[in-house]
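The following note sets out several points on the model shown below. Please read each point against the structure.

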Amino acid sequence: MGAIFTRPRPRGASPRGAAGPEDLEGIVAGTLSFDLARWNHARSGDILVSANWTREPNEAGYAGKTTQSGVAGHGTSSPYDIHNTLIAAGPDFREHAVSDIPTGNVDLAPTLLQLLGLPVPTTMSGRVIDEALRVGPLLSSVRVDRVTETVKTPDGRYELAARTSIVAGHRYLDFTEVTRR
C-alpha cells in the first residue's frame with residue numbers, strides 16, 4: 001500500500017501542537033487527513049488507501065508504475081495519476097497559454113460562475129482560475145508555494161510525505177511518497 005488517509009484530527013489534537021491549516025495529519029498517527037484528498041464527506045469510509053507507486057516505467061513504458069492491479073481503478077496519489085490536462089477555449093480564455101499552476105476539478109464551478117457573471121459562493125472549495133482568463137493576472141505573477149507535510153507512525157517504520165502546492169490560499173495535492181524503514 002501507499003498513502004493512507006483518515007478523518008482529520010480534531011482542532012488542537014495534533015501531537016505536534018495546535019492544529020492549523022498546515023496540519024494535515026489524520027486521526028490515526030502516520031496517516032494524512034481526508035481533507036488533503038478532498039475525501040472528507042458524509043459517505044466516506046473510515047480509511048482511504050492509495051496503491052503504492054514508483055517512478056519506474058510501467059508496462060506501457062511510461063514513468064509511474066503502481067502496485068494497483070485489475071482492469072480499472074481510481075489511480076494512486078502519484079504525480080502521474082494526479083496531474084491531468086485542462087483545456088479551455090472561448091472568448092474569455094487566454095489564447096495559446098500553457099500553465100503549470102495547479103488547479104483541480106473543484107475550480108471548474110467557481111470559474112464558470114465567474115464567466116457567467118454570477119456570484120461565487122464562499123462555501124465553494126475551489127477558486128476561480130483567474131490566470132487562465134484574458135483579464136486575469138499574468139501567469140508569471142501567480143505565486144505558487146510548495147509545501148511538504150510529513151507524518152509517520154509512532155515506531156517510525158512508515159513515513160508518509162504529502163507534496164502540496166498552495167495557490168491563492170487553496171491547497172492542491174501534488175503527490176505522496178511513502179518511506180518504509
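1. Apart from neighbours within four places in sequence, Arg 94 is in contact (heavy atoms within 4.5 Å) with Glu 131, Ala 132, Leu 133, Arg 134, Gly 136, Pro 137 and Leu 138. Arg 94 itself sits in the loop joining helix H2 (79-82) to helix H3 (108-115); helices are DSSP runs of H or I with at least four residues, and strands are E runs of at least two, numbered from the N terminus.

2. The model is predicted: local features need pLDDT of at least 70 and side-chain atom pairs pLDDT 80 or more, while totals for chains, interfaces and linings use all residues. Residues are numbered from 1 along each chain as its sequence is written, and side-chain values use heavy atoms, without hydrogens and water.

3. The Arg 94 side chain does reach two backbone oxygens: that of Leu 133 at 3.3 Å and that of Gly 136 at 2.6 Å.

4. In H3, the buried residues are Pro 110, Thr 111 and Leu 113. They line one face of the helix, because they fall within an arc of 160 degrees seen down its axis, the arc being taken over directions from the axis to the C-beta atoms. Gly 117, which follows H3, has a positive phi near 75 degrees.

Note on methods. Polar contact = N/O pair within 3.5 Å; in protein donor to acceptor, adjacent residues only side chain to side chain. Buried < 20%, exposed > 50% of the residue type's maximum accessible area, 1.4 Å probe, protein only.
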